[in-house]
Amino acid sequence: MMKDNSSEAMKSDGNPVAIWEAKFKKDTLVGRDFREYWKLHVPKIYAPDESTNFLHITYDDESTQKLLFDTLKQFICIDNPAEVLKHLKELTTPAALCGKVFRMGEATYSCRDCGQDPTCVLCRDCFKASAHQQHRYKMNQSVGGGYCDCGDREAWKDNFCCSIHEKNATGSGTSSLFKFPPEIVQRARAVFAAVLDYALEMLMHENTMGLPHDLRCPAEHDGDADDLLAGTEPFHTPLYVTMFYNDETHTFEQVIECLRRAVECSQRDAVDYATIIDRVGRSIVKCGDFQTCHRAKQVFETHSTRHSNRPYKVHVMHTHVVAHQTFAMRLLLWLKKLIEEVDGFRTLFGQIVTEPAADGPLLERVMKTDTQLWKLARNQWHLLLIQGMLMEHDSKKVFAKTFTRLYPNLMRDFMRDDHNHSDSVTSLSVQIYTVPTIAHMLITDEDCLSIVTRTFYDECINRRNTQGVLAFNPRSDNVAWRRISYCLNDLRYLLSVRPTQWTEQLRRGFLHGFTSILDVLAIMEGMDASVRQMGNHLEYDPEWQTAFTLFGKLSYVINHLVDWCSTDRQVLVKAYRALLRKLYGKLSPERVKPSAQLEAVGKTFRVVEFDMWQNAVSLHLPLTRMLAGLHLHLGGFGLTFNAFEFEMENRPTIQQIVETSLRAVILTTQVRAGMWRRNGTSLVSQVHFYSNVRIRAEIQDRDIQILQMAAALEDPDEFVMTLMLRYGIHHWLDPNFEDVMRRTPDVDGETATCFVQTVQEFTHNLEELILVLIHVFGERYQPGVGAVTKEDCLKKEIIQSLCIEPTPHSKLCKLVVAENHQELSIEQLADQVAEFKLPQHGTGKGVYELRPELYSDYNPFWYHYTREEQSRAEGAQRRRKRLAGEPPCLPPPLLPPFTPEFCNARNVAVCPAMLNVLLTVLRRSSDLHARVFSETMFQRTLFLIGMALNEEERGAAADPRHAFGFSRPAQQAGVVDALQQMVGNPRVSSHADLLTWVVAKLNRLLGRAAAATESSSGAAEDASSEQKRRREKAAARRARILGQMQAQQKKFIAQNVTALAEHEEEERLAGSSMDLSECAGPDEWPVCLGPRQTARPAAAAEYTCILCQATEQVSSTRPAMVMAAFVQLSTVLSRDRASQAPNPVLYVPSNLHRLPHTSSCGHAMHAACWQRHFENVCLRERRRALRLRHNLSYDVQKREFLCPLCQCLSNTVVPLVPARMVALDGDDRPAVDNINVWIKGLQLACAHTVVRVNEAAPGGAEPARVRCRSPGLKAVLKHMTQREGNQFRAQVQQGDRIAETPTSTREMMNTFAMVPCMIGLDAGVEFGDQRVALMSLQTCAYTLHTTEQLLRHTGRPLLAELGSRGDICLTQLTHVCATMLPVVAALETAQEACGRLLRLLLEPPADGPTVMRLDAFGLVVTLCSLVTALFVDHADDIPAPSGSLQDLQCVRLALVLHLVQVLLTMDVAELARQEPMETDGEPADQDEQQWLAELYTLVRSAAGIDVADVSPPLLRQYVINAITPFLRCCALYFHFLTGVRAPAELQQSLPLAEQYPHLLRYLGLDSLCVPQATDCHSVLQDLIFKWCQHPSIRPELSGSRGPLVKYPLSVNTLIQLPDDFSELINKVSDFTCPSSDGESRVPAMCLVCGELLCSQSYCCQVQVDPIGQIGACNAHLMRCGAGSGVMLRIRECRVHLLVNKVRGANVPPPYVDKFGEMDQGLQRGNPLTLWREQYVKLNRLWLSHGIPEEVTRHMEDSFSQTDWQNL
Ligand SMILES: [Zn+2]
Ligand SMILES: [Zn+2]
Ligand SMILES: [Zn+2]
Ligand SMILES: [Zn+2]
Ligand SMILES: [Zn+2]
Ligand SMILES: [Zn+2]
Ligand SMILES: [Zn+2]
């Protein structure tokens, strides 16, 4: 190896800048000198080794910067880089162009008023600072790669610059480079050149085994591959890596699987590798000696061959090569930044890359290497080119020229490439070809149009069939074809703006391109021709899509070409001639030759012989149709088809030209009439696309125009007869036709004839023939054909669409879409012809409704109607007329006049041949024996005559030169008489009114006024008698239908007893509640709690089983009944979503986080019936094929099922509990009421709890267990005085005795109780678990909390009926939870739980929770139930809480606790700042104020926190407000528990503050005061001290142990969304994937907490057993929403409901445009604003826990295959 001296020198010196300096001075500095330096340092810094983590490669950025980049800057700037760069920047005028390159998903804005075309876009900042905000703008999301066009004068018709870039727009135009010191320019030039050369060489360095020689480090030796494989490497072993490259042929899954095998990494790592490979384009997957890396490569190769795909691209590379490539990438980035910073360098960059060199200018070489690079390297170059060349007009021009010259090469490379278009340098075409001046320059100077077309054409010629026509093989790979089709986009860009001024060169360039395009069209002419199948069906449907896709792209180009031609006479003439010549070559005289003779109306015609039913017909005639396009513009320059300009030898006649179009038109009408059925769906689809709204302007419309051309230029008789001949129905004109037809017998049901066609076919063909003539005569909405403007045409389209039905904006746009950017005018025009009606009843969509006066413009035979639209429109119009009381006749509308060139086309309606046809139709109509007849045929004939009469009428009134006469010739031909004779003919009764209209008009025109009145009155009479007859008929029909309906109703009742039974049941329930209120005495104020409790009813309820229909009383002697219910874990009310703490079982936590919620549809069933039903469901599911199982809307594994009646999602049943025995009647109510004694007693019970330690069995697995038991009442009483004892006894021994519970009900109680426990704790639970009873109490409390909040949120009254469903659900839930204790828990368990709860409350242990952690209402529910068990001896004796005195004491205790919470958490400072209130006059209120003030001081000073002065009335008001929700919950609970009716005040919606006194009264509390609480040294006061002095209370109040719950509990809602949707878009444009730091393709927002997530992406998946990988949204919801929630996918504006990781549904997003329409997927791009009603709906759904049910309903209804798990 060669010794290298210079590197030695550098080592000794150490300062590279000095060396470069020296060489620069001597003028010997070359690129190699920089490389010498990089050679030393780059491998050290950037080379990976075995210890590198390839998923997160990091470098020492600081030293790198200093060593590698700062040195370059130092050299350029001679000394002081910062200073010099600053100076250079000052010399610079910053770019006038914004040029911000868009990231994927970033919002872009286009202006429909000012944008030159839709590709002109603005970035957010520019948009916000521009005038376009007030215009009609559109919002879109970038796919990445484009840049902001702000400041580009050519991109905008107006307001080309935003206020940010405005000041730069006035730049001098000369580059600031010329102001730079020459020496600096020289230095920069040296550096730039070296950097660019190096980067180019390194990035495409293909010898992966070693570096170019001048970069090899002397110490290292690179063996060749053979040596290395042989393992004969002697010295230091060099390191290698296995580099894996991205391609677009393998799927993500394939790559992951392959990586897992080859690299032996975890699934997670494989996913991360795959993510990097996808984003960057390659990744190192292995590092080691050569053999290791080579082995890995081999594994990849065998893996890919096994999967028969293309092989993966995997290289083994020397680590130093990798290092230099990394550095090269960074250098490009550095250079780009430098150019951005110092604008003058851009000019220098442009100079350097375009300088000629031995192997071509650098720019060319960069472009050519494009496809050899990996994704990120390409993008890096593209960004540099955009920044360096496209920001300035001059360099952009140079770039455009180079690009165009290389175009064929680049496209060919791209075709063979396996990356997406956006990753290819060819995608830059949109940046240059859409700039009008550049496009025109390229067409003029570079022959660009032809170059691009030829590139495409060269690919086409390989795909011709034997007839020389393009043909696509359905089985061949079409990727290359799809890629080459990008040429058509480029053509479209180039032509998008037509020139305002033509030069000779531009004409030449354009026409050269034009003829090239004709070559392309010529080989498309006649594609995919079909031959009618006679006997058998076509065996397989031929491929047809490709041709239409191709044409779809081409149609824009054709449209532009015609547009260009229309602006210059010279160009038009030359183009038309070229087209005629080309057509002549196509329509070779042999193929289209007038050879047949046809005689009619006394003339002989020579016509082209062609049998539609024998020969091939094609729908693809782009060449012919383009002629029509150009032809329409001839008139504008005073040219005609026969003008001398077009005289030439070999040109086709009009007869030849029309031939192919005629066939196509006939084919489509026949296919629609069902005459080509045997040709299968392919042909049907083709015909469908023939009139597809996007391309029909260049297909269907052109065909009609060609027919109109022919009708105007040819002999009209010949035209009509040719048409007859092509339809094969010329025999029909024969007067003896019907006789001949009649003589032929019926064979096999089909009428065989001596003709080829059947009667039916004759009829159809004749109908279609007349329709074609209607179109030829009447379709004049086309500039050039009729005297109309483009606007008139669009208006007509809109009118015809609105005649079908009132239409929303988006649908109208779809129906009427035309060329680009016309939506603007659609909106304006629609406003002219229609009224926009805003949405009603929250349906969202507003609709356009046609102005009434325009209905007369309705044309029932409009050629753009599909069959279906035609009949819908006709139906709608007839209905409208009937409702308005008008005759239902739909006469032809007035037409605009033809242009002079097309005037003669009118003659087809009046030529002898046509009159003959009309006459024959009419005569045969009156001949009842004639079989070729249909009402449709008759209607169309009348319509055609009507149009002709309209034309005559208008002509007479207007210009006499263009007069048109129909009535006279028709009269002479006998048509008028034939018409008269049809009047009153029953065969045509359904069109009698149109006939009347036609006859009247005819008579008027013929001047037969007298006759007219006579006959028309006769006709009117006829018509009126006809109407009468029809009315009678209609009445008869109505009666018949009514009869049918009644019969059906009976049947329905028989089948749906269930539903009706339910209805009756509801009625009965309503009745029974009436009884309730009566028995309680309506005058008395109801009290539900305590000694003054109002008498309660104990009526047994009756229900009908929805399964067996039997009605059953719920009692202890009857079979048990249940209702379906659904328990879900919920965080809806959570005050602390982040909490990870396990759920306490003993009490309801005050943060209400992750609690079980229970809901029910309230449908009752026998327990036994339900069990049978559920077993059946399980059985059915087991039988279902395994693969279908996961998509199910419910999961039997989780015991889920649907309510058999209402299909409501359920997972358990709530047993219906028999009515209870009322324990007390009014007389022996206890007089004692002393909370102190009660608490003291309970404290004593705690203190004397019997503790028993179960000795662990020796060697047993069970540890020793401590068991606690109640000491019994006697033991407590022993420690009390007699008096106290009596008082205590009176207060505890109360409650309803539970009626004996039947076994089946007990079973159901156990079944139910397990579910809240399993779901609440998210764990398996054994039968008899002690937590079961506690968790069912929690679900009861939580469900009531939810109800209270929901009622509060919706503003509904607290105790008004919730509807039978809600009432029955809550009643049963509270009942079952209150009575189940003795069933689901052993006495010992119950007592132990009670003891533990009491200790927690009364003797709070220092390491236990403080009172702040307890939910006060939860405490009421739990305590009331448990405390009853304390002093009983047997489980069956446990009474149920019933609103007894003891329950009242529980409520008081909880109230005091809650007051403590409120007083401790109140913001004293805030309250002290408020104006003191007037003291209230009421003495009771004053007592409360007094008492509260005392309590306030007591509590806060006990806790040792701020006791500021607060005015007592303010304090009272604050407290009342804070505790009202608690009181409301209590009222709900005792209302449902006791059934005591609610006072009227609580059945109304009162403001919260006003409810307070009523709540107190209803709860049996006289006032807020619990006087003993502030009594000195009372038991209660001691207790309050204990609570407040808990060691944890201070840290908790300071918020250091999680968020503090404040009161009143506010209602949680979904997050606030901004009104303007683009705000959201912009918010997420900065969001990056949290796990890969890359872009997040599908950012989604949790609407519950607002967190952004990277959805539907491998990078953020989480492994969850047993489901597998789940997406980020589902993973987030496990934490945030206990599994279910609402997600907004921002880029697409979609809302998903997700449940349980595997289920989901789409619901309407809460954003709409100004037309009231949603835009899911942002297809239309109209600005969107928040749709509040929808968001409120969504919020309510969430708040009412309805998401799982909603999702189930959606999944039941739809067959969507969305893999919700991945979201
Ligand atoms: Zn911008
Ligand atoms: Zn701007
Ligand atoms: Zn604008
Ligand atoms: Zn039943
Ligand atoms: Zn139901
Ligand atoms: Zn991600
Ligand atoms: Zn969330």
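**Entry 1: zinc ion (ligand 6).** I looked up the geometry here and recorded a tetrahedral arrangement, because the four donor atoms subtend angles of 98 to 122 degrees at the zinc ion (ligand 6). I note that the model is predicted. The donors I listed are the SG atoms of Cys-1633, Cys-1654, Cys-1659 and Cys-1660, at 2.1 to 2.3 Å. Along the sequence I read their spacing as C-x20-C-x4-C-C. I then checked two of these residues for burial: Cys-1654 counts as buried because its relative accessibility is 2%, and Cys-1660 is buried with a relative accessible area of 9%.

**Entry 2: zinc ion (ligand 1).** I found the zinc ion (ligand 1) coordinated through SG by Cys-98, Cys-123, Cys-126 and Cys-148, at 2.2 to 2.3 Å. The donor spacing is C-x24-C-x2-C-x21-C. I also noted that Cys-126 bridges the zinc ion (ligand 1) and the zinc ion (ligand 2), which lie 4.3 Å apart. I located Cys-126 in helix H6 (residues 124-128) and Cys-148, 22 residues apart from it, in the loop between strand S2 (137-141) and helix H7 (163-166). Both Cys-126 and Cys-148 are buried.

**Entry 3: helices H55 and H58.** I examined how helix H55 (residues 1445-1465) packs on helix H58 (residues 1512-1538): the angle is about 145 degrees and the axes are 10 Å apart. I recorded the crossing as right-handed. The contact includes Val-1451, Leu-1455 and Leu-1459 of H55 and Tyr-1518, Ile-1523 and Phe-1526 of H58. I classed its residues as 13 nonpolar, one polar and one charged.

Definitions and conventions:
Residues are numbered from 1 along each chain as its sequence is written. Chains are lettered from A and ligands numbered from 1 in the order in which they are written. This is a predicted model: local features need pLDDT of at least 70, side-chain atom pairs count only at pLDDT 80 or more; totals for chains, interfaces and linings use all residues. Side-chain values use heavy atoms; hydrogens and water are left out. Donors are N, O and S atoms within 2.8 Å of the metal (3.2 Å for Na, K and Ca); water is not among the atoms, so sites may look incomplete. Four donors count as tetrahedral if all angles lie between 85 and 135 degrees; four count as square planar and six as octahedral if opposite donors are over 155 degrees apart and all others between 65 and 115; anything else is irregular. Buried means under 20% relative accessible area, exposed over 50%, partly exposed in between (1.4 Å probe, protein chains only). Axes are lines fitted to C-alpha atoms, for helices over the stretch in contact, and angles run from 0 to 180 degrees between N-to-C directions. Helices (H or I, at least four residues) and strands (E, at least two) are DSSP runs, numbered from the N terminus. A crossing is left-handed if the near helix is turned anticlockwise from the far one by less than a right angle, and right-handed if clockwise. Contact means heavy atoms within 4.5 Å. Ala, Val, Leu, Ile, Met, Phe, Trp, Tyr, Cys and Pro count as nonpolar, Asp, Glu, Lys and Arg as charged, and the others, Gly among them, as polar.
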